[in-house]
Amino acid sequence: METVINTIIGALVLSSMYILVALGFALLLSIMGVLNFAHGAIYMVGGYICYQFAVEFGLNQWLSLLLSTLIMGAFGVLLERVCFRPFYGDMYRTIVMTIAIVLVLETTVNVLVGVHIRSLPAFVPGIIKAGAISLSAERLVTFFIGGVLLLGLTLFIKKAKAGQQMLAVSQEPEGAVLQGIDIFRISAVACAMGCALAAVAGSLMGAIFELSPFMGDYMLVKAIQLVILSGIGSIGGVLAGGLIVGSIDAVLPLFASGAVTQAVGLGIIIVLLLIRPRGLFGREVT
Amino acid sequence: MIETEISLRASGRLARIVAYTAVLVISLLLPLWIRSPYLIHVFNLTLINIIAASSLRLIAVSGQLSLGHAGFMSIGAYTAGGLAKHLGWAAWITIPVGAVATMIVAILVGYLFVRLRAIYFSMVSLFFGIGVLAVNQVCEKFTGGYAGLIGVPVMFAGSKVQNYYFFIGLTVFSLLALYRIETCRIGVTLKAIAQSHLVASSVGINEAGYRVFAMGVGCFFVGLSGAAYAHYFAVLSHSSFNFLASVNMLVYVLVGGIGSFAGPIVGTTVLIIIPELFRMLKAYVPYLFAAIMIIVIFVMPEGLVGLPGQIISWIKGSRERKDTHAP
Amino acid sequence: MRAKKSLMVLGIISLTIIFGTISFSTLVTGTSSAAAADTKNLDIGLLVALSGFGSGAETLIDQGAKTAMESINEAGGITINGQPYMINLIVEDTKGSAEGSVAAANKLVYDRKVKFVVGTVVPYSIEAVGTVTEPAKVLRSSLYNCATPSEYGPKTPYTFMGNDGTVEGNTALLTYLVEAFPEVKTTVLVIPDDGSIPHLGPIMKRAAEKRGLKVLGEPVSWTHNTVDFTPIIAKALARKPDTLTLLNGWPAPVGAMLKTAREAGFTGPVTCGHNPCEDILKVAGAAASTNYFATGIVGSSPDMPPMVKKITPIFVKKFGHALYYNYWGFNGIYVLVKAIEAAQSLEPDKVKDSWENMKSIDSLYGRAPMGGAKTYGIKHTVCHPVAIQSLMNAKVKHVKWVDVLVP
């Protein structure tokens, strides 16, 4: 019984972590229609920058998280201007560009600090024990942060003017322009937000797990799984996708070896997509 | 006007035939000039990847951007390698078997995935590519799993030069086949479907059938390249066929120029040979790779194959400008 | 049109700059064949992952190896049949993958024509390199092995083990564990799913049982790309062992496992060979870093052999640190050079025959007997003493040296 409770909690927490990582990616894909392969690399750099401020410069860790978020947000604006804008609408060249960015970011970090094993100290140290449940405090905090950000982003898209503009641009760019929406400015805002979210995820994950120049690769695939399963076009749907993927990853390894878990997990996702080719909550894509 | 256009097209075609023949002749004579077995080895890898990249392009022009192509290559490789190592079958049997096995899987997968459009297809192909390796690990008795399949019998006793000629032959065969398919009616229909599936189906074209066909043919050739790779490299491991490998193949095609048949050929060659020549950069090699990618997408809208055309039109353009500026 | 033109110019300038920088850096960092008039060079290839999987640790191995080369050369190199030779290390990046390893090995064997190679670490990489070096009869001193026959055994007659592998390191740990914790009676083996389980599982089970430790159930496996170890640790702890025997892996996953285990409430000792305490501390965090034992070198401890004491300050001066993987790389080169010197020949065949018949050989950690005939099928293992270290309350301490003789 104790294992069951801990497993359920583990599944919820892992789902929230995946959702946190996927949010920035989901924003850019669902709302801006940009397949940002560099998301994993940005997530990784965000984590390392937080480490730099928190451990090397000795600042308060939450402050470092904020600084990392701001820096990566600014980087997102730069990214949009230099890398995405020239290839607006050209999927192929955008893909090549994002892959090039991944190479540059990963190689730079690897060459600078790759040899040093780094892990952020826990944002909230300690273990919470309640009866049979044993959970680290930082995972619980991450769970809440993930939930809050998901809710916040969903509300932003629904209610905030900028959010609605982003939605308009992704659904019908020409119509949006006719409405007087500055596509490029909105793209910059979306990109900044996407990168900022990635930085938050990277910093939190960097504390729970550890920092490595290639940590983004695995998380990128998870984010893609999540977003595609949830369907492009729905931010709130990321919750469902996250719960499914997180639960699979938290429960299956108890019964089967790692490889079987991966095969079965992917199989489940593929089957779900075959049943609903647009994802659980997605909209039609041209 | 029409005469000049036709003659231009004909001369363009002639130029292309001359170019391809020249490249072929140079390739055949290459081992006479280049003595280093290591460089021949690099060329062998390039040839294998050219087949894979060109086959990826065929699938891509039918409107399906596959991000799991290396997964299909692994099917061909492990089938051929496993049969050769465990059952002792000879290479000339296992290679076609590997290719056919990949094609069969691709057709099955194609039927399943044909309902998925655009980016969903791409992402599911990505999952498939990863899933194939996971299944590979589950069958580790046959495939060796993460440890890899070691000791696949090599062809031609491992002679780099003999393998080189074999790969030239295989590449020429594959490219001819792919080119023929692309230019015949089937190929034209494929491109039409990619352009607008609504229009295509309204004219009565069985869109699903054509897309599955593209998958089958494309994956036949990547399976072929994988099977040949198995018998050359003798070592198969997941790291040769993972998501990164699929991305690399895609980059070869996109940087070379997806609009042109020669695109994957040029892209693969440049992106394999240049980093190999600059091995001494060690951990910095990816910078070089990224630099080539960035330069190409910024400066060459048609990819690397468009470069000669661009230079010619730039020269022509500056000549025109000189004329107009003449007093 | 003008924009396009300037873009083209920009492109050409960038290309020129890039290729110019590359040529310049080649000038600067190109492998130097620094041979004086009457000394010759002995080329030794080094295969390590400088990028990709495992590069964090293997780059440190590269540092250690380079230090060994410089240290040997400063002492005059080695003398074979009266002719002095300077060691020339040629490093190739395996990129942490099998085909990268094959490509790198091909470069060393067929392009640089080396006859002696040191490397690599991860099982598929070792096997992959073997497919190139064995047929070419290149003598290889492997940096590690996980007891799979295709990595190291009768099928790889030109491969020697200069460093302690999984079996050596972890049996040393188990020897110490049962001595220091007599109340520990049961354990669970946790092994990465990289093909070594069918071989390593039974060998380690026998080694554990020989020391009075009962292994509960089959080994728990984990894949290389696992990020969250909660279910895996839960699976292991469900069997209620007294200790956890982790085998292989890098500090990242091993540290994560320690952290997860402690967060799940497990307080028993945890051991893992080749994942030194200082690295585990960085990953697991201070709270979880207790009751953990590993094999590794604590350079500042007085209980170190003379050579270790000599090179520790050299590491610190050159790199700002003296980490276990540095010593590992140093020893890899050192042992191979000693074997070549003992054979007084530059022919791999002759060195091979001489090395297999040596009773013992000099290593960085002291005199080491040769062993491994029964366990691996060939007697090519340098059984040097293994240092046990402990991580208690976030403090790293050297514990003792354990002699290892693998039968």
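Start by selecting B:Tyr165, which is partly exposed at a relative accessible area of 34% (buried means under 20% relative accessible area, exposed over 50%, and partly exposed in between, with a 1.4 Å probe and protein chains only). B:Tyr165 sits in helix H7 of chain B (helices are DSSP runs of H or I with at least four residues, strands are runs of E with at least two, both numbered from the N terminus).

Before moving on, a word on the model: it is predicted, so local features need pLDDT of at least 70 and side-chain atom pairs count only at pLDDT 80 or more, while totals for chains, interfaces and linings use all residues. Residues are numbered from 1 along each chain as its sequence is written, chains are lettered from A and ligands numbered from 1 in the order in which they are written, and side-chain values use heavy atoms, with hydrogens and water left out.

**Stop 1**

The most comes from H1(B), with seven residues.

**Stop 2: where chain A meets chain B**

Show chains A and B together: 44 residues of chain A are in contact with 41 residues of chain B (contact means heavy atoms within 4.5 Å). About 3600 Å² is buried between chain A and chain B, and carbon and sulfur atoms give 84% of it. Buried area here is the accessible area (1.4 Å probe) that two parts lose on being put together, summed over both. Highlight A:Tyr92, A:Val96 and A:Leu274, which supply 17% of the area that chain A buries against chain B, more than any other three residues.

How many salt bridges cross the interface of chain A and chain B? The rule finds zero (a salt bridge is a side-chain nitrogen of Lys or Arg within 4 Å of a carboxyl oxygen of Asp or Glu). Three residue pairs are in polar contact between chain A and chain B, both residues at pLDDT 80 or more. A polar contact is a pair of N or O atoms within 3.5 Å; within protein, one must be able to donate a hydrogen and the other to accept it, and residues adjacent in sequence count only if both atoms are side-chain atoms.

**Stop 3: where chain B meets chain C**

The area buried between chain B and chain C is about 3200 Å², with 69% from carbon and sulfur atoms. B:Tyr146, B:Arg279 and B:Lys282 supply 19% of the area that chain B buries against chain C, more than any other three residues. Zoom in on B:Arg279, which forms a salt bridge with C:Glu92, the closest N and O atoms being 2.7 Å apart. The count between chain B and chain C is one salt bridge, alongside seven residue pairs in polar contact, both at pLDDT 80 or more.

**Stop 4: salt bridges within chains**

The whole structure holds 18 salt bridges over all chains. Select A:Asp249 and A:Lys222, whose closest N and O atoms are 3.1 Å apart in a salt bridge. A:Asp249 lies in helix H10 (residues 238–255) of chain A and A:Lys222 in helix H9 (residues 215–230) of chain A, so the pair ties together parts that are 27 residues apart in sequence. A:Asp249 is buried at 16% relative accessible area, and A:Lys222 is buried at 8%.

In chain C, pick C:Lys400 and C:Glu179, a salt bridge with its closest N and O atoms 2.9 Å apart. C:Lys400 belongs to strand S17 (residues 395–402) and C:Glu179 to helix H5 (residues 166–180), so this pair ties together parts 221 residues apart in sequence.

**Stop 5: C:Thr295**

Finish at C:Thr295 in strand S12 (residues 292–295) of chain C. Is C:Thr295 buried or exposed? C:Thr295 counts as buried, at 1% relative accessibility. The C:Thr295 side chain reaches the backbone nitrogen of C:His274 at 2.7 Å.
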